[in-house]
Amino acid sequence: MGLAAGGVIAEEVGRVIAPEPVVVTVGLSLGLLRRLCPDHPKMAQLISGEAVLAVAWQERGPNGGPTGASCRYTGGKLSGSKAWVVGAAGAQGFLVLAEGDNGPFLVLAEAGADGLAIENRVQADGSAMGELSFSDTPAEELASGEAVRAALTEAVSDATALAAAELVGLSDRALEIVLEYVKTREQFDKPIGSFQVIQHRVVDLHVMREVAQAGVHEALARMDSEADPKIRARLASRAKARAVTAAKKITRDAIQLHGAVGYTDEFDIGLYLNRALVLSAWLGDDAYHRRLWFEAREEGGEAQ
Amino acid sequence: MTDWNAMTDEEFRKEVRQFFETEYPEELRHLPHRPKFAEIEHWHRKLYAKGWVAPAWPTEYGGMGLDAAKLLIFYEEQQRWGVNRGRDMGVQMVGPLIIKFGTQKQKDYWLPRILSCEDIWCQGYSEPGAGSDLANLRTRAEIDGDDFVINGQKIWTTMAHDSTHIFMLVRTDPKTPKKQQGISFLLVPMDQPGIEVRTIRTLSGETEFCEVFFDNARTPRENLVGELNKGWTMAKALLSFERIFIGSPSLAQNALGQLESFARGRGAFDDPVFRDRFAQAALDVEDHAALYARFADQLKRGETLGADVSMLKIWVTECFQRITELMIEAAGPDGGTIGPLQVGNVSVDVLASFYKARPTTIYGGSNEIQRNILSKAVLGLPG
């Protein structure tokens, strides 16, 4: 299944803000395994949903932001820490990117392995993001060398694109909820959706949604027919930048358009805002991806 | 006669591109203003000899008979090469109306004269009290023997000072319950004592717009197109297809290219804030093009475009404005300077672009009107 088709599923996941690790599994976990060790028994378990593996590939630098890998893998043992691990709480194991003496490794650490400590940081949508630390933690080597880095680049591009699609679905449903609300909520003896100021704001959200849908669909379709990882990464950045911009605007304006009840925990619309916050921050927000996109454009030239 | 529609899209595109690239006069590429007919007459003669003046008209009336897909390609190539549309009100507006609603006699007389540019047309719709609320128009036409006698005023009439004829919406029945009723569509020769044209100078210093005053001007009754008092429905019937063009990406794409070369020359990309705003604008243009392609595909499949096509115009015109505003920022202290600014071997007229972008959110149905349309016709928001 290509990204265009995977995007359709991700959009549906986004529409119902399902707490399922679909994008992270399809994009990252499977994305790494199918490229590096397609015959590993965990592949089948992941596909059937029997097992969930979280991917630990990022690390926190001295100022809190992401940094290069310093987590080490030597003699079958892991040491160091990893950050922003989605689905850490429910995972049976972790796919960990680590540096060995002669380059990068992808290794598998079981959830209950010795020397593994997990700190879960609660996210706006109620999910948890894991901070892992390893101290002589035993782990199984899955792959090593430049292939690991290449597979990671591709898997991150895929996951970024699918997260964009998930945000598109989320925005779509959030706007539907807004439309239902402004058509039924009455003030001054009229539905508030009959006031022009409300109408024009909702129209702007609608245009934002349509542009995001068209842009993300096009980017994913082009990624499917593109082999160059740099161009695929640039397309993924385009998709995520657009999807985050749209989702932020739509979910935040949605709260305003609901008025006071939008700020309560009683209405579904708040769930969309919270999920959008988490999905936007994960794998980079719009400002971050615009920067990557621009740098790639400078490097690759205008024609791609 | 060539059956263009039988060609593949690629063959057709190649043919059109080649003709423009070899035949279009270099000095007329990307003209920054609307030309008078004399300025582009030599190009019109070439188009006329080729039989390409009216791409959308059926072949029986001297058009190319292009289907929607081919028509879109034709216009895309035209914009790509910076080919001026010429004085095309006759071809774009009056011709299709006469073809659809006119009598055989009207077709035989007017259509060949439109193609040859023997008659050059301007559009008399807006009035001082009828802009966004066009149906509020008050210019009267009363029957007097074999003529209509016209009194009133039109405004924003593009290039009226360089036109031989005006097609106009006039009130022929002032007593109807709804103001959309009682409006008729008339063809009127401009060379007569009852018509006075005054040009309006715009912020950019151009004089493309005019006011046209009617003081007992006359036109024969046979110059009524369609039924008396049915002009409003007819004029609206024409809009469906044209609406995609007003939202085409080309204006913003061209401006973005200008912005990029200007900003590079000026070193504006050294500033991370500018880089981000440029990236935003560039992505806005790219994603708009994706949305445009979706509507274009709809046309190519033979579907009629709905009211939602309005969103293309809203997005692209506002984006165009932001791009020209970024040019001014990149110009720094030169941002208020009239005329071309030289950077390296590139010369960019920053203010001309800025001014050109201003009216795009006003004309063709202001963006506020477009939002009203989307709100009611697409989102179904109440009254």
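This is a predicted model: local features need pLDDT of at least 70, side-chain atom pairs count only at pLDDT 80 or more; totals for chains, interfaces and linings use all residues.
Local features need pLDDT of at least 70, and side-chain atom pairs count only at pLDDT 80 or more, whereas totals for chains, interfaces and linings use all residues. Residues are numbered from 1 along each chain as its sequence is written, and chains are lettered from A and ligands numbered from 1 in the order in which they are written.

**View 1. Chain A as a whole.** Chain A contains eight helices and twelve strands (helices are DSSP runs of H or I with at least four residues, strands are runs of E with at least two, and both are numbered from the N terminus). Its radius of gyration is 21 Å, close to the 19 Å that the globule rule gives for 304 residues, so chain A is as compact as a globular protein of that length. The radius is taken over C-alpha atoms, and the rule is 2.2 Å times the number of residues to the power 0.38. The C-alpha trace of chain A spans about 75 × 45 × 40 Å along its principal axes.

**View 2. The two domains of chain A.** Domain 1 covers 3–144 and domain 2 covers 149–298, with bounds from an automatic or database domain assignment. Their C-alpha centres lie 25 Å apart. Domain 1 of chain A brings 28 residues to the contact and domain 2 of chain A brings 29 residues (two residues are in contact if their C-beta atoms, placed from the backbone, lie within 7 Å). On the domain 1 side, helix 1 (3–15) and helix 2 (22–36) of chain A each supply at least two residues. Helix 1 of chain A gives the most, with ten residues. By class, this side of domain 1 has 16 nonpolar, seven polar and five charged residues (Ala, Val, Leu, Ile, Met, Phe, Trp, Tyr, Cys and Pro count as nonpolar, Asp, Glu, Lys and Arg as charged, and the others, Gly among them, as polar).

**View 3. Chain B as a whole.** Twelve helices and ten strands make up the secondary structure of chain B. A compact globule of 383 residues would have a radius of gyration near 21 Å, and the 22 Å of chain B agrees with this. The C-alpha trace of chain B spans about 70 × 45 × 45 Å along its principal axes.

**View 4. Strand 7 of chain B and two of its partners.** Strand 3 (residues 147–155) of chain B runs antiparallel to strand 7 (residues 209–220) of chain B, and nine bridges join them (strands pair if DSSP finds at least two bridges between them). Strand 6 (residues 195–200) of chain B also pairs with strand 7 of chain B in the antiparallel sense, over six bridges. Val212(B) in strand 7 stands opposite Lys154(B) and is the bridge partner of Val197(B).

**View 5. Helix 3 against helix 9 in chain B.** Helix 3 (residues 68–80) of chain B packs on helix 9 of chain B at an angle of about 140 degrees, with their axes 7 Å apart. Axes are lines fitted to C-alpha atoms, for helices over the stretch in contact, and angles run from 0 to 180 degrees between N-to-C directions. Helix 3 of chain B is therefore oblique to helix 9 of chain B (under 35 degrees is roughly parallel, over 145 roughly antiparallel, 65 to 115 roughly perpendicular and the rest oblique). Ala68(B), Ala69(B) and Leu72(B) in helix 3 meet Ala296(B), Leu299(B) and Lys300(B) in helix 9.

**View 6. Chain B against chain A.** The contact involves 21 residues of chain B and 25 residues of chain A. Helix 9 (272–300), helix 10 (310–331) and helix 12 (367–378) of chain B each supply at least two residues of the chain B side. Helix 9 of chain B has the largest share, eleven residues.
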